[in-house]
Amino acid sequence: MEFLRTAAMAILLLSMAFESGQAVCNMTQEGFDACKPSVTPPNPPPPSVACCKALANADLPCLCSYKNSPLLPALGIDPGLAMKLPPKCNLKLPANC
């Protein structure tokens, strides 16, 4: 039950941030939308140019802080696929990610 409450709160906060035009980890809603197909199972396509551009401008250490969060699966994002995305865009993951 606590997991569901935490996930719901995280989704609500993220939605509020995007609705107010704020970026999360320097990624806008458009950036997340561009990357979502590449981190959604079962057969994700390679990241688009728009996704890689959004990731290049993102705060990767900040994004890494979400890798074990219930937020990603609640949004339909596979954390394992998400962690593979920066190298596919020729970006280096932070050391502790």
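Trainee: Which residues of helix α6 are buried?
Mentor: In α6, which spans residues 79-88, they are L81, A82, L85 and P86, where buried means under 20% relative accessible area, exposed over 50% and partly exposed in between, with a 1.4 Å probe and protein chains only. This is a predicted model, in which local features need pLDDT of at least 70, side-chain atom pairs count only at pLDDT 80 or more, and totals for chains, interfaces and linings use all residues. Residues are numbered from 1 along each chain as its sequence is written, and side-chain values use heavy atoms, with hydrogens and water left out.

Trainee: And what do the buried residues of α6 pack against?
Mentor: They pack against α2, α3 (49-56) and α4 (60-64), contact meaning heavy atoms within 4.5 Å; the helices are DSSP runs of H or I, at least four residues long, numbered from the N terminus.

Trainee: What happens at the start of α6?
Mentor: There, a side-chain oxygen of D78 comes to within 2.7 Å of the backbone nitrogen of G80, while N90, which follows α6, has a positive phi near 60°.

Trainee: Switching to α3, which residues are buried there?
Mentor: C51, C52, A54 and L55 are buried in α3, and because they cover an arc of only 160° around the axis, they sit on the same side of α3, the arc being that of the directions from the helix axis to the C-beta atoms.

Trainee: Which exposed residues does the face turned away carry?
Mentor: That face of α3 carries V49, K53 and A56, whereas the buried residues of α3 pack against α2, α4 and α6.

How values were computed. Helices (H or I, at least four residues) and strands (E, at least two) are DSSP runs, numbered from the N terminus. A polar contact is a pair of N or O atoms within 3.5 Å; within protein, one must be able to donate a hydrogen and the other to accept it, and residues adjacent in sequence count only if both atoms are side-chain atoms.
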